[in-house]
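Please consult the sequence and the structure shown here alongside the text.

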Amino acid sequence: MYLHHFLAGSISLVLPSLSLSPSPSKIMLKRCFSCFGSEQRPQISAQKNRDYPWDIYTLKELVNATNNFHNDNKIGEGGFGSVYWGRTIKGIEIAVKRLKAMSAKAEMEFAIEVEILGRVRHENLLGLRGFYAGEDERLIVYDYMPNHSLITHLHGQLAADCLLDWPRRIRIAIGSAEGLCYLHHEANPHIIHRDIKASNVLIDSNFQAKVADFGFAKLIPDGVTHLTTRVKGTLGYLAPEYAMWGKVSESCDVYSFGILLLEIISARKPLEKLPNGVKRDIVQWALPYLQKGDFNHIADPRLKGKFNREQLKNTILIAMKCTDGNPENRPSMLEVVDWLKGGVEKRKKEIKIEKNDVDENENDDYADDIETDYEDYAKKKSKPRLPISESNKRK
């Protein structure tokens with residue numbers, strides 16, 4: 001099935017109940033894909049359309065750039081397929097996502113990602129350079145990120161080098177939060193990412209974060225608070241209400257970001273298997289230290305104590321607030337960005353922590369609020385968490 005036949009139906013599925021005029025990206029997609037069903041393939045050599053900010057590549061160009069998708073050029077792999085490093089004939093470094101198979105699911109993810117990337121423009125979102133769609137190949141081209149993904153620094157091949165000192169970690173956390181905030185509050189329609197995790201946060205040459213991979217994203221019409229949908233995402237990052245019942249909202253991304261924030265701080269994986277076979281998530285691991293006020297123990301040992309302790313404490317509390325079991329108690333990403341920036345700039349900001357039998361004063365400043373009773377808070381957070389089924393794991 002060529003994508004120009006599939007696109008009209010796929011977009012209507014992606015945007016239920018929306019009555020929107022066609023976006024520039026959608027118009028451009030239809031123009032481009034209408035060529036692919038004919039015998040004559042478009043011979044466009046990365047020619048930039050004057051109305052649109054991305055290129056249409058030929059397959060030959062991307063094959064040459066990636067050395068025929070050689071294994072030595074592979075820089076990432078996931079359920080969708082593989083990502084390859086490449087260099088164009090103009091000497092520009094690129095990353096090329098090659099979808100694994102041309103199933104209906106793959107076509108949908110390709111259409112969604114190109115459509116959404118055509119809509120968004122933000123310094124903390126990975127931008128689209130271009131794409132190729134023809135016969136049995138679907139290729140998406142991005143800017144190459146020389147510092148790879150966050151997961152390679154926390155758990156992968158760059159972890160031992162400890163290139164992420166504390167200031168860089170905070171900068172990455174703020175950048176990721178600002179990219180997500182843009183999706184939730186500035187993009188029109190609003191966008192729920194649905195797969196916020198360390199491998200989907202890329203890092204540029206200046207250690208700025210770029211949120212990537214929009215294949216699972218959902219566009220939300222104004223006035224709609226949540227949707228019920230098939231569960232997508234990665235175990236350990238999924239909000240309980242989404243994992244159990246498929247209820248997806250912006251607060252699901254907030255929960256995932258809270259997990260990511262703890263991961264950035266501690267360099268521990270979101271989910272770990274204990275010797276007795278029981279799985280424990282990163283929030284459950286952190287709670288006993290939170291209860292004792294032992295915030296330093298939550299920090300990555302590789303930092304060797306080189307971090308601002310007050311900032312560490314504040315950031316952990318923000319993460320805990322984001323991962324509240326009740327989605328109504330989670331903050332918005334606007335609040336999260338404000339709190340994170342407030343911590344960096346050492347301004348006093350309020351973080352309300354729900355506690356039983358505590359009268360919170362909205363005029364209390366940030367410093368007073370973080371001196372809350374951690375034991376009461378930890379007891380509340382220690383209530384049984386909803387189990388996450390293995391069947392929901394992203395394949």
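How many nonpolar, polar and charged residues are in the lining of the largest pocket? By class, that lining has 16 nonpolar, ten polar and 14 charged residues; Ala, Val, Leu, Ile, Met, Phe, Trp, Tyr, Cys and Pro count as nonpolar, Asp, Glu, Lys and Arg as charged, and the others, Gly among them, as polar. The model is predicted: local features need pLDDT of at least 70, side-chain atom pairs count only at pLDDT 80 or more, and totals for chains, interfaces and linings use all residues. Residues are numbered from 1 along each chain as its sequence is written, and side-chain values use heavy atoms, with hydrogens and water left out.

**Largest pocket**

- Its volume is about 970 Å³.
- Of the 40 residues lining the largest pocket, Glu-77, Ile-151, Lys-197, Ser-199 and Asn-200 lie nearest its centre.
- Two or more lining residues come from each of strand 3 (74-78), strand 5, strand 7 (137-143), helix 5 (150-154) and strand 14 (271-273).
- Strand 3 gives the largest share of this lining, four residues.

**Lys-97**

- An unreviewed UniProt entry annotates Lys-97 as "binding site"; such annotations may be inferred rather than shown by experiment.
- Lys-97 belongs to strand 5 (residues 93-99).
- The residue is buried (under 20% relative accessible area, 1.4 Å probe, protein chains only), at a value of 5% for Lys-97.
- Contacts of Lys-97 (heavy atoms within 4.5 Å) include Phe-80, Arg-138, Tyr-142 and Asp-213.
- The side chains of Lys-97 and Glu-113 form a polar contact of 2.7 Å, a term for a pair of N or O atoms within 3.5 Å, one able to donate a hydrogen and the other to accept it.

Definitions and conventions. Buried < 20%, exposed > 50% of the residue type's maximum accessible area, 1.4 Å probe, protein only. 1 Å grid on protein atoms, 1.4 Å probe; cavity = no way out; pocket = protein on both sides within 12 Å on 5 of 7 lines; lining within 4 Å. Points joined across faces, edges and corners; volume = space filled by probe spheres on them. Lists of a residue's contacts leave out its neighbours within four places in sequence.
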